[in-house]
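I'm opening my notebook on this one and jotting down what I look up as I go.

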Amino acid sequence: MERARRILTLLGCWGAIFLCTFASAEPYRPTDDTHVLERLSITPANPIARELKNLRMELQANPRDLESAVKLATRYIEQGRSEGDPRFLGQAQATLAPWWNKPTPPVPVLLLRATIRQNAHDFDQALADLDQALAIQPTNAQAWLTKASILQVQARYDEARRACQPLARLAAAHILRGCVSDIGGVTGQSAKSRELLRQALSDSGLSGRERIWMTTILAEIAARIGAIQDAEHSFTEAIKVGIKDQYVLGAYVDFLLDHGRHHDVITLVQHETRSDGLLLRLALAEQALGLPTVHHHTAELAARFAASRARGTTTHVREEARFTLALQHDAKRALALAQTNWNLQREPADARILLESALAVGSRTAAQPVIEWLKTNHVEDLQLKELARQIQEKTS
Amino acid sequence: MIHLVLAIVIPLLAAPAWAHKPSDSYLTLTVQQDRIDGQWDIALRDLDNAIGLNRDGNGEITWGEVRDKHDAIGAYALSRLALAAGKQACTAQILEQLIDYHSDGAYSVLRFRADCREPIEQLDVGYQLLFDIDAQHKGLLRLTQGGHTTSAIFSQESPFQEFSTAKPSRWNESRQFIHEGIWHIWLGFDHVLFLLALLLPAVLIRKEGRWQAAGDFSSVWWNVISIVTAFTLAHSLTLSLAALEIVRLPSRFVESTIAASVVLAGLGNLYPTMTTRRWLVSFGFGLIHGFGFAAVLTDLGLPQNSLLVSLVSFNVGVEIGQLAIVAAFLPLAYLIRRSWSYPRLVLTGGSLAVIAIALVWFTERAFDLRLTPL
C-alpha cells in the first residue's frame, strides 16, 4: 500500500512537470501588456524608415506616378539587401503593380522587375526583362551590368563578358572594371582582375555601394587563390564602408570558417540569428567548437528550411545543401540538393557544396560537372581544386 | 553622364539567400457541415506593415499594442478573406486572438467561425491578404473535412480557389477510419510492443517463484482474452473522452507515458509481482494508450456530423489490428511454451529487448531528443 502511494505521488509530480512545461507550445494569450512579442528590423524613427514612409505617402497620393513608384521600389530593394529581408522585395513588386503585368512595361520597371526576379532565382525571366529593356534602350548601362551579373551566375562567361563591353562607353571606367574583373576572377585571370580592381578602388569618388561591391570581389579572389592576408584586409575594408550588407558578412564569415577562426565567427554573427544564411554559419562555428547551442540552432534551421519548402520556393537550396551536409550529416540528401542547386546557379560556392557532398558520398560521377567546369573555365580556386583532387583519388 | 553613373544600382554579387522567410500566413479551415472553424496565423510584422501596430514607434511590438489593435486586426483580416458555400457567402466572426511563434517570429493567431447557412458542398475561398503591399506574400491553407486534409497555396497569381467538399458516403468514410485504425496499431510500434510484453507470459503460469508452461489451451485463451479485452475497454474509454474533447492531455506527456508503460510492462515480466489479474495492468495502461490513439484521430480531423461513426470505425480498426497480432502470436507461443528456451530466451530476452527499445523512446519523447536515425 505504502509503495503504491509512493508510486502515485511520483506519477503525480511527473504529470505536473509535463503539464507546466509543455502546455505553452500552443497558441497562447500573453498576460503582460509590456511583453515584447516582436522587434522590427528598422524602427519607425530611423531615417530610412521615415524616407520610405514619405515616399509611400507620395505614391499614395498619386499611385500611377512612375517616378515615385520607381524611387520607392529601388529603396525597398536596397533595404532588402541590407536587412536580408525578402519582404522588401515583395513590397517593391507591389509598388510596381500598375505596370508589372503590362506587355511592355517602361524601362525602369523592366530593370527593377529583372532584379526582383533575379532575387527569386528566376534567372531566365530576369534576362528576358533585361533584353526587352535593351531592345528599347540599347544604351542602358544598368541593364548591361545586371545582365552580365546574371549570366555570370549561370556560368555563361563569354556572354557575360560581352555584356560588360558596352559599359566602356556607357558608364564610368570603374563600372567596366568591376564588371569584367568579377568574371575574370573566377575564370583564370585573377592577377589581372585584382590589378583592375585596385585601380578602380583608387578613385576616391566611389559611392559606398560601389566600394563594397569591388572590395568584396577583390577579397573573394584573394581568398580563392590563398592570398589570406590580402583577403582579410579587403574583407575588413568592405565591412568598414559602414553599409550593412548581408552578402559581405556571409562571405567574410565563410573565409573565417575556412581558416578555423570559429571564435571570430561567433563574435561577428552571434546576434544575426534572424538571417538564415548567417545562422547557418554561426551553427557551423558552434559545431566546430563543440558548443551546446548548436543543437538549438540546427533545429531552428531545419524548421526554417521546412517552412521555405512549404511555400514552394527554391531560393535556399545552396544553404539547405550545406546545412544538410555539415549539420545533419546526411550526405546523400545534401548531394541531391547540391545537384538541384548546380542546375540553377554555378558560382564557386555552388561548386564547393556539390564537390563536398560528392566527396562525402564517394561519387565521381556526381562531381563530374563541376570538375568539367573547373577545367573548361580555368577556375582558380585552391579549395575547389583540392576537393576535386581528393575525389579523383578516392574514386580511382 | 555623371548622373547616369551615380544612378547605377550595383548588381548583386550573388542572388542572396534571404535572411528571413518571405511573408506567409497560415490558414486552417475545418469544414463542419454548414459552418467553418478557422484559425489564421498572420505575422505581426506583416500586420504592422498593413495597419501599424507599433504605436510608440520604438520598434518593439508589445502584447499591449497588439491587444489595443484587436478590433482593427480582426476587421482587416476578415475583409481580406471571402468564404462562400456554393453561391452563398459565409459570414465570419472572430472568436479570439492569441499569439504563437513560427520559425520567423511572432504571429497573431485569429480563431474564427464562419456560418454558411447551408451544408457546404463546394467551398470558394477568396484570399486577398497583403497582396497589395507585398506581392510575394503567400497564404498556406490547410483545409480539413471529414478526415481529409488538403493543402493549397494562395498567391497574387491565384487568389481564388474552389474546393469540392462533397461528402464521401458513410460507408467510405467509415472504411477509411477502420483502415486508419488498423494502420495505426501496426505502425504504432509502442502499442504492439506493449501488447506483446503483456502477452509473452500468457502461455505460462507462475508457480513457486518460477515459470511453468500453462496446461491447456482454454486457460491460456481466457487469460489472453481478459488482457486484450481490458486493454480494449480502457483505451476505448479514453479515446472517446479525448476525441469528444471531454479530457485533454498534452501530447508529449501522453507519448512519454506510453513509452514508460512499455518499459514497466517489460519489467513486470522480469520481476513478476502481479502474476494473476494481469488484466488490471492492461486496463490501467490501456487508459493512457487511448489518449495516444485520440491524438491520431484528431490529426485526421473528426467530422462533427458523423463523430460517432468515425470514432467507432477507428476503434474497430484498432481492434482488428490488435486481433491480427494476437492471432499471429498466440499459436506460436502456445506451441513452443514447453520448450526450455521459452521462459529464458523468449520471455526474458524479449522483455529485455522491449525495455531497451522503450527506454530509448521514453528518453526521446520526454526530453525531446532524437536518438534513433530515421
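**Entry 1: a glycine in chain A**

I started with Gly208(A), which lies in helix H13 of chain A, a helix covering residues 208-224. One reminder to myself before going on: this is a predicted model.

Is Gly208(A) buried or exposed? I found 12 C-beta neighbours inside 10 Å, so Gly208(A) counts as exposed. The cut-off for that label is 12 or fewer.

Next I looked for what Gly208(A) touches, leaving out residues up to four places away in sequence, and got Val241(A) and Ile243(A). I also checked Ala238(A): it sits 30 residues from Gly208(A) in sequence, but their C-alpha atoms are 9.2 Å apart in space.

**Entry 2: chain A as a whole**

I stepped back to see what chain A is made of, and it has 23 helices and one strand. Of its 396 residues, 45% count as buried. I then took the contacts in chain A between residues at least 6 apart in sequence, and 48% of them join residues at least 24 apart.

**Entry 3: two helices side by side**

I picked out H15(A), residues 246-258, and H17(A), residues 276-289. Their axes come within 10 Å and cross at roughly 15°. Angles under 35 degrees count as roughly parallel, so that is the label H15(A) and H17(A) get. I noted the handedness of their crossing too: left-handed.

Which residues meet here? From H15(A) I listed Gln246(A), Leu249(A), Gly250(A), Val253(A), Asp254(A) and Leu257(A). Across from them, H17(A) brings Gly277(A), Leu278(A), Arg281(A), Leu284(A) and Ala285(A). Sorted by class, this contact has six nonpolar, three polar and two charged residues.

**Entry 4: the six-stranded sheet in chain B**

Over to chain B, where I traced an open sheet of six strands in the order E6-E7-E2-E1-E9-E10, with mixed pairing. The edge strands are E6 (91-102) and E10 of chain B, each pairing on one side only. On average, neighbouring strands of this sheet are turned by 15° against each other, direction ignored.

A rule I keep handy: strands of a sheet pair through backbone hydrogen bonds, either parallel or antiparallel. I wanted to see both senses, and E9(B) shows them.

- E1(B), residues 24-32, and E9(B) run parallel, paired over seven bridges. Thr28(B) has Arg142(B) in E9(B) as its bridge partner.
- E9(B) and E10(B), residues 148-154, run antiparallel, also paired over seven bridges. Here Leu140(B) has Ile153(B) as its bridge partner in E10(B).

How many residues of E9(B) are buried? Six of the eight in this strand (138-145) are, so I wrote E9(B) down as mostly covered.

At the other end of the order, E6(B) and E7(B), residues 105-115, pair antiparallel over eleven bridges. In this pair Gln97(B) stands opposite Leu110(B) in E7(B). Helix H4(B), residues 70-79, packs on the sheet and touches E2 (35-43), E6 and E7 of chain B. The direction of H4(B) makes about 110° with that of E6(B).

**Entry 5: another sheet in chain B**

I also found an open sheet of four strands in the order E5-E4-E8-E11 of chain B, with antiparallel pairing. Its edge strands are E5 (88-89) and E11 (160-164) of chain B. E8(B), residues 122-127, pairs with E11(B) over five bridges, and Gly126(B) has Phe160(B) as its bridge partner there.

**Entry 6: where the chains meet**

How many residues does each chain put into the contact? I got 71 residues from chain A and 54 residues from chain B. The chain A side has 28 nonpolar, 25 polar and 18 charged residues.

I followed E1(A), residues 36-39, across to chain B: three bridges join it to E3(B), residues 60-62, and the two run antiparallel. Val36(A) stands opposite Thr62(B) in E3(B).

Last stop was helix H2(B), residues 44-51, where Leu44(B), Arg45(B), Asp46(B) and Leu47(B) are buried. The buried residues of H2(B) pack against E1 of chain A, and also against E2, E3, H3 (63-68), H4 and E7 of chain B. Just after H2(B), I noted that Gly52(B) takes a positive phi of about 75°.

Definitions and conventions
Residues are numbered from 1 along each chain as its sequence is written. Chains are lettered from A and ligands numbered from 1 in the order in which they are written. This is a predicted model: local features need pLDDT of at least 70, side-chain atom pairs count only at pLDDT 80 or more; totals for chains, interfaces and linings use all residues. Axes are lines fitted to C-alpha atoms, for helices over the stretch in contact, and angles run from 0 to 180 degrees between N-to-C directions. Angles under 35 degrees count as roughly parallel, over 145 as roughly antiparallel, 65 to 115 as roughly perpendicular and the rest as oblique. A crossing is left-handed if the near helix is turned anticlockwise from the far one by less than a right angle, and right-handed if clockwise. Two residues are in contact if their C-beta atoms, placed from the backbone, lie within 7 Å. Ala, Val, Leu, Ile, Met, Phe, Trp, Tyr, Cys and Pro count as nonpolar, Asp, Glu, Lys and Arg as charged, and the others, Gly among them, as polar. A residue is buried if 20 or more other C-beta atoms lie within 10 Å of its own, exposed if 12 or fewer, and partly exposed in between; C-beta atoms are placed from the backbone. Two strands pair if DSSP finds at least two bridges between them.
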